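Dear colleague,

I am handing over the structure that we spoke about, and I would be glad if you looked through it before reading my notes below.

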Amino acid sequence: MTQPPADRPRQRLIIAITGASGSIYGLRLLEALRELPDWESHLVVSEAGVLNTMHEHGLGRKDLASLADVVYHPGDVGAAIASGSFLTAGMVIAPTSMKTLAAVAHAYADNLITRAADVVLKERRRLVLLTREAPLNLAHLRNMVAVTEMGGVVFPPVPAFYSGAQSVDDIVNHTVLRTLDLFGIHSDRLKRWKGLGGR
C-alpha cells in the first residue's frame, strides 16, 4: 500500500464486526479502506462475529485479518484503541448486534469493541452503528435513542431504491459508501440523489 507523505499522517478508522447477520458490510468497509492510501483500518471481530462471517462467507479470523492494516483480539482491552489518546477518526460497527448496541448504550465496556466505542463517544469522535435486527422491540429502540443522544449515529443498512440497484452487491456497496461519507470519505462511485428531475 502506498504511504502518504510524511507531513500527512494516515487517518485511522476502527472497524468492528459483531455477531449479527450482515458481515458483508464490515468486509466491504475493509476492502474500501484498502483502496485509500491515506487511511488505515483497525479491526476487531467478536467471537460471534467470526462465527457469523464463517457461516455467511466461509471466512475465518485469519482471512479477516488479511483485510485490515491492524488487528486486535476482542479480549485485548489494553490495546491502543482502548485509549482516547490514540487518535482515530472514529469507529464503525458493521454489523451491530443488539447485544453490542445495548452494551454501547449503557457504557458496558466488557470487551475491546465496546470499550473502543465508549472511547469514541467520550472523545466526541464519530461512532456509526450499522444495526441489524427486525422487527425491533422497545429495548432496541430505547438503546438506539440512548446512543443517538450520546452523539452516535445509528445507521440501519436500509436499501436506497432510488439508486437503481440491480443486485445485492449494489445495495451493500451503496450503504458502505454512504457510511464512509460520514467520515468525509466521498466516492464518485456513489449514486447520489439529484432530485426527481435527475439534474
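How many aromatic pairs does the structure hold? The structure holds one aromatic pair, where rings of Phe, Tyr and Trp (its six-membered ring) pair if their centres lie within 6.5 Å, and planes under 30 degrees apart count as stacked, over 60 as edge-to-face and the rest as tilted. The ring centres of Tyr162 and Trp193 are 5.6 Å apart and the planes stand at 70 degrees, so this pair is edge-to-face. Because Tyr162 lies in the loop between E6 and H7 while Trp193 lies in the segment after H7, the pair ties together parts that are 31 residues apart in sequence. (Helices, H or I with at least four residues, and strands, E with at least two, are DSSP runs numbered from the N terminus.)

Before going further, please keep in mind that this is a predicted model, in which local features need pLDDT of at least 70 and side-chain atom pairs count only at pLDDT 80 or more, whereas totals for chains, interfaces and linings use all residues. Residues are numbered from 1 along each chain as its sequence is written, and side-chain values use heavy atoms, with hydrogens and water left out.

Tyr162 counts as partly exposed because its relative accessibility is 39%, and Arg178, which is found in helix H7, counts as partly exposed because its value is 33%; buried means under 20% relative accessible area, exposed over 50%, and partly exposed in between (1.4 Å probe, protein chains only). Leaving aside neighbours up to four places away in sequence, Tyr162 touches His174, Lys191, Arg192 and Trp193, and Arg178 is in contact with Phe155 and Leu190, contact meaning heavy atoms within 4.5 Å.

Finally, the strands. Five of the six residues of strand E5 (residues 126-131) are buried. E5 runs parallel to strand E4 (residues 90-96), to which five bridges join it, and parallel to E6, with two bridges; strands pair if DSSP finds at least two bridges between them.

Best wishes
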